[in-house]
Amino acid sequence: MYPVNAWPIIISETTANELQTLSIKLPKLIQQIPKLYFNNDVKKIADYYFSGNEFIAQYAMISHEKKIDIGSRLDLMYTEDGFKVLEINIGSSIGGWQVQSFEKVIRKFHPYLSNQENSNYFHSEDSQKNYVKFLIDKTLQHVKSIENEVNIFINFGQDQHEEIDAKSLLFFNELLDVEFKKRGLTGMACSGKLSSLKLRNGNLYLGNTKIHSVILLVSDDEEVPVDVFRSFLMDATYFPDHVGVTMYGDKRNLGLLRTLAEKSKFSEEDNELILDSIPWTAEIKKRDIIYKKETFDLIDFLRNHKDLMVIKSARGYQGKDVFIGKYVTNEEWEEAIQIGLQETDFIAQEFSDSINFKAPNKNNEWTSHKLVWGSFGFGNMYGGVWVRMSEVESNLGVINSATGAVEAIVYELREEDFYII
């Protein structure tokens, strides 16, 4: 759907290790918020995440207590002060791993990457293969009584065309077959309406096919059947997109992590990681805040420091509902503040500015670009990273594939004689 740059991004092993640490640790720290910040109080959790609905909050906490690993993607800026985490997306519908399909094509364009003498120096983490390995590992770990067959139900969304569904299934089955053969397993990916999944004799079925995992690659309005949730509670399926993911994916969590770190609620190392990598973040409402050890009225602070701040929805996606102070007028900024006050889930976040990178534009002219990095964590496994880039000349602040950014493959250079970031 989106353009891919024929030129890759090259990073050092040190940079890759930084991304690995952030991508594995931060999602796990988010999962400690219900206990450390809310003391597992269902009413407080309901009020904060579920508009006061304690019934849903109870289901979320039941799911949360199963403590399953879930895939995640960090969106980061590389600034003059290093990587800054803009948001943490958790669940199966995080996107971004599709660009890995171009890896062999990119190598072909560049003899230096593909010749035998140099090719082994350039390593690109295969996010697709890493995800499939993670998915099978977690299914085997969390589902009881699996023998030699693993079947995965994938929801592609109600609006997707049947032909695209069929091609997507073929793609997933090719990835699964490779991993199944390594393990001596059989199985397949299948799809359909979520309502077609039925619980029988303690197992979940699509027709006569026993299902061991349910993955929601697209967040849409189709309701997840009670049978799926029951099978998950009975350890009959691995279901990483349970209602608890609503808690984990809320961008207000970045502010909560900073609050907990400032109170030294984590290890010294994790507190430092949070405070160094997550920019100042706060929920928008009429109150006092502390910014760089000074106390301010939040609304006055936002009005007086427009160019330092970003206002965005805590549940937004694809760059929607994002207002970057330095790129909007005073009138637009005031409108953003009022939206934040009227809604219950808008945040203010310190603006993180990407350093400029030279990259080719669509005319193959090398110009300055801003980059957003999308880095994957799959449980304890680093899933790799890819980049979205926007030319500085046409950049309006929001760097997202859905708003015109160009994607790029990332290689890690395993050779100390080169100088890179």
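E262 is exposed, with a relative accessible area of 52%, where exposed means over 50%, buried under 20% and partly exposed in between, for a 1.4 Å probe and protein chains only. The model is predicted, so that local features need pLDDT of at least 70 and side-chain atom pairs count only at pLDDT 80 or more, while totals for chains, interfaces and linings use all residues. Residues are numbered from 1 along each chain as its sequence is written, and side-chain values use heavy atoms, with hydrogens and water left out.

**Helix residues**

- E262 belongs to helix 11 (residues 253-262), helices being DSSP runs of H or I with at least four residues and strands runs of E with at least two, numbered from the N terminus.
- The C-alpha atoms of E262 and L275 are separated by 7.8 Å, the two residues lying 13 residues apart along the chain.
- K138, located in helix 7 (residues 127-142), is buried, with a relative accessible area of 11%.
- Apart from neighbours within four places in sequence, K138 is in contact with D69 and Y238, contact meaning heavy atoms within 4.5 Å.

- Strand 14 (residues 309-313) is mostly covered, with five of its five residues buried.
- M309, I311 and S313 point one way from strand 14, whereas V310 and K312 point the other way.
- Strand 14 pairs with strand 16 (residues 346-350) in the antiparallel sense over five bridges, pairing requiring that DSSP finds at least two bridges between two strands; K312 has I347 of strand 16 as its bridge partner.
- Strand 14 also runs antiparallel to strand 15 (residues 322-324), joined by three bridges, and V310 stands opposite I324 in strand 15.
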